[in-house]
Amino acid sequence: WTKAKTRVKASVAVLAEELIKLYAKRQASEGFAFAQDTPWQREFEDTFIYEETDDQLRSIEEVKADMEITRPMDRLLCGDVGYGKTEVAIRAAFKAVMDGKQVAYLVPTTILAQQIYNSFVQRMQNFAVKVDLLNRFRSPLQQKSTIKAVGSGKVDILIGTHRLLSKDIRFKDLGLLVIDEEQRFGVTHKEKIKDIKHNVDILTLTATPIPRTLHMSMVGIRDMSVLEEPPHNRHPVETYVLEYRKDVIRDAIVKELARDGQVYYLYNRVQGIENVAREIEQMVPEAVVGVAHGQMGEDALEEVMMKASAGEIDVLVCTTIIESGLDIPNINTMIVEDADRLGLSQLYQLRGRVGRSARRAYAYITYRKNKVLQEVAQKRLQAIKDFTEFGSGFKIAMRDLEIRGAGNLLGPEQHGHMESVGYDMYCKLLLETVQTLKGEKVEEPFETTIDLGVNAFLPKNYVPHQGQRIEMYKKIGEITDEQDVIEVQGELIDRFGDLPVVVNSLLEVAYVKSIAHQLGISAMQKREGHITFYFHDKNTLPMQAIFELVHQNKWRILFNAGDKPHISWKFSKQHDENILYNIKILLQTLKELRFV
């Protein structure tokens, strides 16, 4: 453990130095300070036909506040599919245009680009804002005309796929870059984004940020706003994770068609997708089946998408091309084949394509029969099953962070493992190193050890599975107050039954250890007839509280202020019978005296 910690500490030092440079560069950069809202801005926002959620309003204000200062904005907006991220971006874009700046809106797929373009045009039709589009559905002549208009400043807002990152795109005066679903862009694209984003405000939208992006927001390199409030009349998607069975799949399709709905059938390989479509036609002869994938020609793909939107296709057999942007409210059942081949955030995004209306939606996440799943795949499928309620995108990202690690925050690697020390310790080491390099005072970390001769553990016959024991030990280790004790106690009883004496003792030890650590006590040792409490730092001793405690307990408590300052408590046999309870009372008294 010590060797692993030393190795990680060395690599963290290098990383932290790079983070400091990045953070300092961002703080020192001079960007454009946008003016406060104009009457046009308020008039534009009043045209929004829906009622904003509180989270939306807060996020909009946070984005505007960032735009109105000289430091370039770099804000992550995290919110589930359909939670109104696009409206936040539309208002930011309008604000930029009102100050004479251009806006680039970068999206991962052609379909999403078209949908975002339609939303912008519809919202801005009554205002003098020129919106244009660049994607593969546009002819070379149309693209050439758009690029020329962008260079001359005649286009205010340009929406497009990675085509926006090409060398021939030159903005006259770019002020805002919006990146939709950053995790869908490759490393090469992200390096190009870095080249164009100097001194430009950045707004990144995502339902499930990649671990690196999320972690950078958590350690303060990027700002973050979160949309957690669901729209009205929306139901969580009923999610089933199961082995692939034809009878279940057929029943799911028939059930959806019986209520005049449509179905997504996701098969993420172009090779063989036509065979899958034919199997479904044989399985459900009454269904009209269509196929959509990224290797289709523009006209053919656009035609099948239009048919699906118009309700002319009952089952759309498709690849992950539908992951971002396709919004068909009448499709409320999704079947995913070989789900173990997909990433966690990808599964979550895909599931967000259904349940976009007031109707109950269903997702069948399947894997091959009798297939032995790898541990990581099992964790992903379990997570997608666990997180079905609204606002789970952020939780999914956090679980992804646990499963994959944060990776290299600055380099091209977007995943990684910190299993040698664990994610929490890695973050702690990183934060401490960053504070040191910034010249900030860092409190020396210390552990509180307890030697009380008390039996306190989780017996195998009480929590039989090793993974569950580790999980519960972690929760017990995070206890900080009595409410935490009650919650963990309730979970243990609910999952495993009445608490054995040794488990009750374990909860008491965890709570006592927490209070001791808060008081700066690094060790507690029980010896014949007395317990010694050693303090970690003699410079931060709560002297007044200690003197008052000694005064209250007369001869039973002695204080030694030497090189290893400590309190020695002489206890009676009566106290020894319930030693943990009495230690808890003593420490609580010291804590109360300290904060009086």
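Biologist: Which residues does Val284 touch, not counting residues up to four places away in sequence?

Modeller: Val284 touches Arg250, Ile253, Val254 and Leu257, where contact means heavy atoms within 4.5 Å. This is a predicted model, in which local features need pLDDT of at least 70 and side-chain atom pairs count only at pLDDT 80 or more, while totals for chains, interfaces and linings use all residues. Residues are numbered from 1 along each chain as its sequence is written, and side-chain values use heavy atoms, with hydrogens and water left out.

Biologist: Why is Val284 called buried?

Modeller: Buried means under 20% relative accessible area, with exposed over 50% and partly exposed in between (1.4 Å probe, protein chains only); Val284 has 0% relative accessibility, and therefore counts as buried.

Biologist: Where does Val284 lie?

Modeller: Val284 lies in the loop between helix H10 (273-283) and E10, helices (H or I, at least four residues) and strands (E, at least two) being DSSP runs numbered from the N terminus.

Biologist: What makes E9 and E12 a pair?

Modeller: Two strands pair if DSSP finds at least two bridges between them, and five bridges join strand E9 (residues 262-266) to strand E12 (residues 331-336), which run parallel. Leu266 stands opposite Val336 in E12.

Biologist: What is the strand order of the open sheet, and why do E8 and E10 count as its edges?

Modeller: The order of the six strands is E8-E13-E12-E9-E11-E10, with parallel pairing. Strand E8 (238-243) and strand E10 (289-292) each have a single partner strand, so one side of each is left without a neighbour in the sheet.
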